[in-house]
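Notebook open, model loaded. I wanted to jot down what I looked up, starting with a helix and ending at the interface.

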Amino acid sequence: MVHYPRILLSGDSAIVIQFGDEIDKTINSNVYALKDFLELDKTIKILSLIPSYCSLLIEYDILLHNQKEVIDFVQSKINLLKNKKFDDKKKQIIKIPVVYGGVFGPDIDYVLEYTKLSLDQLINIHSSIEYYVYMIGFSPGFPYLGGMDKRLYCPRLETPRINIQKGSVGIAGKQTGIYPSESPGGWRIIGRSPIELFNINNESPALISSRTYVKFIPISEKNISKF
Amino acid sequence: MKNSIKVISSGPMTLLQDLGRRGFEEYGVSVSGIADREAFNISNRLVFNKEDDTVIEIFFGDTSLNFFGNNIVAISGADLGAEINGIKCPINTSFVVPNDSIMNFHYPLEGIRSYLSVAGGMKTKKILGSRSMHVMSGIGNAPLKSGDIIPIGLSNSIKSGFSLKNYHRDLGVEIKKIGVILGQQVDRFGEDMIRIFFSKTYVVSDKSDRQGLRLEGETILTKNKDHDIISDPVVYGSIQIPGNGFPIILMPDTQTTGGYPKIGNVGKIYLDVLAQLKPGDKIKFFLITPDKSREEYLYKRSVIYKNELIRDVKIETCLVNGEDTIIGVNNNIAFTEDHAFLFSLLEEH
């Protein structure tokens, strides 16, 4: 039986705090609560904080601190968290316009056949949900979204594409997501958004950040230029 | 005119690099940065740069650079056969590159990544706090290409000809021993698999790059043969085991999170060893504790930063060459009172 939170090692200069082992908003909010705590505290010189679904990685300055010192410090912070509950009061929703199907969704026919849905049904289901952003990873600005409707579950491509267009919206397994930049990938592409999701010139470079919600808004091809 | 370097031609991965990009990991931005910290630190120290000054990381070779202004430079890491006018450049000794010289890096003689630092550092635009190039996302200064001009900052160096006392680095081809700290998902692997991991020899695959060093050899499988985990954080040195059982060691351009179980992490000083491996090179893992690994790192740092800088003049001589009085030579370097130049004895005949 594993007890959470638990502390794992990631080499000689990083530790990982794992709060659970499932995709769950309460577990995820503990990850971010600890991150917020540590960002305010300068006791340990932290080089990187990497949050994910269930875990937070803390990379520290190995010249200044040994592992035990860091573990003891982080443990004291964890004790202060006392099982933070998921708080949805300040819900922030980022609306992402999407052109579904056609040249923008090269896998739409496969997905419709696999899911036995019509194009309108697929669009309605996919764009009706507010998807929670658990984390950003894989590539700059790429959101890991939770909460996709079971009717849209669909296997990934057997051979990943070398080149997925920037803004592509895809489905893979139980997940849906959007590619902020051109990249390789194995998701089934059902549409594309004209919105820029990641821009290094912005103070906060990623449009979508963790702990917000994403809602896809269907638009027609001729409205693309309005964005 | 300010000092600069103009790129005449460039190999596949000639990159500006510093200590990397921190503070944007939450947005999926990789840290990236130099692969071989030892070579980076030494090349910067020999020219009296700051620790995080930007250098050029030359991968494999095929790179020609035209220097403008008189620059003090140092090369550390791999020997890629660098030369100026056919005279081989020293490794781990600072020297003067006179105005309008062309330095050519050819092909790997030992190791695979060479670090070129210039007194004053490279002063291109910083992107999200760093000049490092993250190749996959394209964040950073693009890989160098013909015609690029790299401005050089103001130098703190007034002398050259320095090397680090009692320093020798072995980049030979024997099986490299790599220390590993057991990691995040080690409990997914049975004892039999961990024994295989620490006893077999692995070979570097030609599918390796700045993102991951892919290994071939005995396969490692999880207890339930399931190699999908809920994606969690990874760093340079994380060793992930995908479904085919062949370990991948994540390199500096690693993504911030990964969905394969991680058996362990490479200890910090062994990352520098990995950075110099090429396809076909062999490694063997051994178990190390985090404390021991830290101790090794602190020791290495003390060698790099506390060992005396010396001017290793082997043969005392006195030649007058134009305005400079040469006080000694060591192989192909000529030392004056304050500087070191590339020098060819053959040229005199």
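How many of the 10 residues of helix H1 (residues 37-46) of chain B are buried? I counted 9 of 10, so I'm noting H1(B) as mostly covered, where buried means under 20% relative accessible area, exposed over 50% and partly exposed in between (1.4 Å probe, protein chains only). Helices here are DSSP runs of H or I with at least four residues, strands are runs of E with at least two, and both are numbered from the N terminus.

Before going on, a note on the ground rules. This is a predicted model, in which local features need pLDDT of at least 70 and side-chain atom pairs count only at pLDDT 80 or more, while totals for chains, interfaces and linings use all residues. Residues are numbered from 1 along each chain as written, chains are lettered from A in the order written, and side-chain values use heavy atoms, without hydrogens or water.

**Entry: ends of H1(B).** I looked at the N-terminal end and found Asp36(B) capping it, with a side-chain oxygen 3.1 Å from the backbone nitrogen of Glu38(B). Glu38(B) is among the buried residues of H1(B), as are Phe40(B), Ile42(B) and Arg45(B). Just after the helix, Phe48(B) takes a positive phi of about 60°.

**Entry: Gln276(B).** I found Gln276(B) in the loop between helix H3 (268-275) and strand E21 (282-287) of chain B. Is Gln276(B) buried or exposed? It is buried, at a relative accessible area of 5%. Its side chain reaches the backbone nitrogen of Ile112(B) at 2.8 Å, and a polar atom of that side chain lies 2.7 Å from the backbone oxygen of Arg113(B).

**Entry: chain A against chain B.** I get 47 residues of chain A in contact with 39 of chain B. The buried area is about 3,400 Å², with carbon and sulfur atoms giving 61%; that area is the accessible area (1.4 Å probe) that two parts lose on being put together, summed over both. The rule finds 4 salt bridges across the interface, each a side-chain nitrogen of Lys or Arg within 4 Å of a carboxyl oxygen of Asp or Glu. I checked Arg6(A) with Asp187(B), whose closest N and O atoms are 3.2 Å apart. On the side of chain A that touches chain B, E3(A) gives the most, with 5 residues.

Key: Contact = heavy atoms within 4.5 Å. Polar contact = N/O pair within 3.5 Å; in protein donor to acceptor, adjacent residues only side chain to side chain.
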